[in-house]
Amino acid sequence: MQAKRAATITAAFLSLACLISYLISPAWAWNPTEMQDLPETDNSTDYDVSGANGRFDIYTAGGTNGLQVGEDGDSIAFLIKLANSSEPGNRFSIQNLATGDQYEVDFTIGNYTFAILFRAIIIRFFIITIRIGTCSLYYKLASGGSWSSAEYYLRVGLTSGTTYTSANGNIGFALTNATSTSPGSVKFIIKKQRLYDLGARGNLVSDIYALATANGNGQPYTGTPNDRCPSTGGATWTLQGDIPDLPMGILILALPLIAIYIYISKHMRMIHGSKIAH
Amino acid sequence: MGQKSRISARKLTALLFIIIAALLALMILSLYRQLSQSTEVRSVEAGLIEAEGSPTIYFNLKNIGANTANYTYRVICNLTAEPTLDEGIILNVPPGGIFYYTIALTSPEQGTLEVTLEVYKDEETVSQNLLFRQKWIIKG
């Protein structure tokens, strides 16, 4: 009896703790750091429009996968590799960015297609150059329709290797300069919960492709495409956790409540049973 | 012995019902909070986060209308060559949908930075479409 009572009280307190933790948003690791190559992205179409330089060149040399993906409990990440070059002016770097340079990843989860993109804005004022980066998230029905704006983040001042996060933490980006020997990159981070709120369901990410374009206006698939990876179609990636992970708070809360209900039902039967016996 | 057992069982049952009632009350409170958030009448909520060296202004725009809508925003700054630091169109926000905007600036080395945010319904920045206007003064 004592043991049952202790177990019941423990279950009740666990339920309370679960409910409280559900009401308070959990803090997860936000930036997936373990990135892995995305299969099927070992080729790209180098349009090289108007002799545009190598800062748009998605790196797929020698069968290298040009895209990477990463995931943690909270977020997903995409990374576009950009080719190295021995010519400093002919490779991806923050110093070489021009207004309208746009790097974009498109992908589909469930019934919705998403596009996350970086666009550069360069402002020159006498001898001062201000480098601005914007990151936008758009979505639309996979079956068609128009893009809807979901998130926009503008950052004044950019540094290679720094991860920038929007005020609500829903989106972020990081740029890494290419060097003479190593590729550069544009990395995007998106919160799973935000994707869920916008209609994403399940764990299959399909039709993944990246675009590097000049003169983009900040909306998906605008400007002059210089490179696309893969060159046709899109890659597929299966998430370890759904979008988002199950609403664990409700689930964890429900289980002890069910246990308590069963226990009470049995207990009441026992009491009534003993009354009849008397 | 049997009566003592019945009394302790009643106490236990009462305790369990109190705990379950408390849980139900918390769940109802949680649902009420969610509902009150979804029916709030303000469509734009904005603020300034004074991070070290990087003041950040944000706004959350919720479409509280019955139809999908476009909006326009403009960020005006006193320390740039062009007064408009950023402007753009917010496309196809569905009813109940929320658009989140963030602008992270750099603190001025001296003087003050004045930033004005304007949000308009539709795609024209005319006064009759103005939904929200706020100015922040950031000291260097």
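Eight bridges tie β5(A) to β6(A), and the two strands run antiparallel. This is a predicted model, so that goes for everything that follows. Within this pairing, A:V105 has A:I116 of β6(A) as its bridge partner. The hairpin formed by β5(A) and β6(A) leaves two residues between the strands, and A:G110 takes a positive phi there, near 65°.

β5(A) also pairs with β12(A), a strand made of residues 204–214. As for cover, β5(A) spans residues 102–109 and is mostly tucked away, with six of its eight residues buried.

Turning to the contact between the chains, chain A puts in 32 residues and chain B 31 residues. On the side of chain A that touches chain B, the elements giving two or more residues are α1 (2–23), β6 (112–125), β8 (148–156) and α3 (248–277). β8(A) gives the most, with nine residues. By type, that side of chain A splits into 17 nonpolar, 12 polar and three charged residues.

Chain B itself is assigned domain 1 (1–39) and domain 2 (44–139). The C-alpha centres of these two domains of chain B lie 46 Å apart.

How values were computed
Residues numbered from 1 in each chain as written. Chains lettered and ligands numbered in written order. Predicted model: local features only at pLDDT ≥ 70, side-chain atom pairs only at ≥ 80, totals over all residues. Contact = placed C-beta atoms within 7 Å. Helix = DSSP H or I, 4+ residues; strand = E, 2+ residues; numbered from the N terminus. Nonpolar A, V, L, I, M, F, W, Y, C, P; charged D, E, K, R; others polar. Domains from an automatic or database assignment. Buried ≥ 20, exposed ≤ 12 C-beta atoms within 10 Å, placed from the backbone. Pairing = 2+ DSSP bridges.
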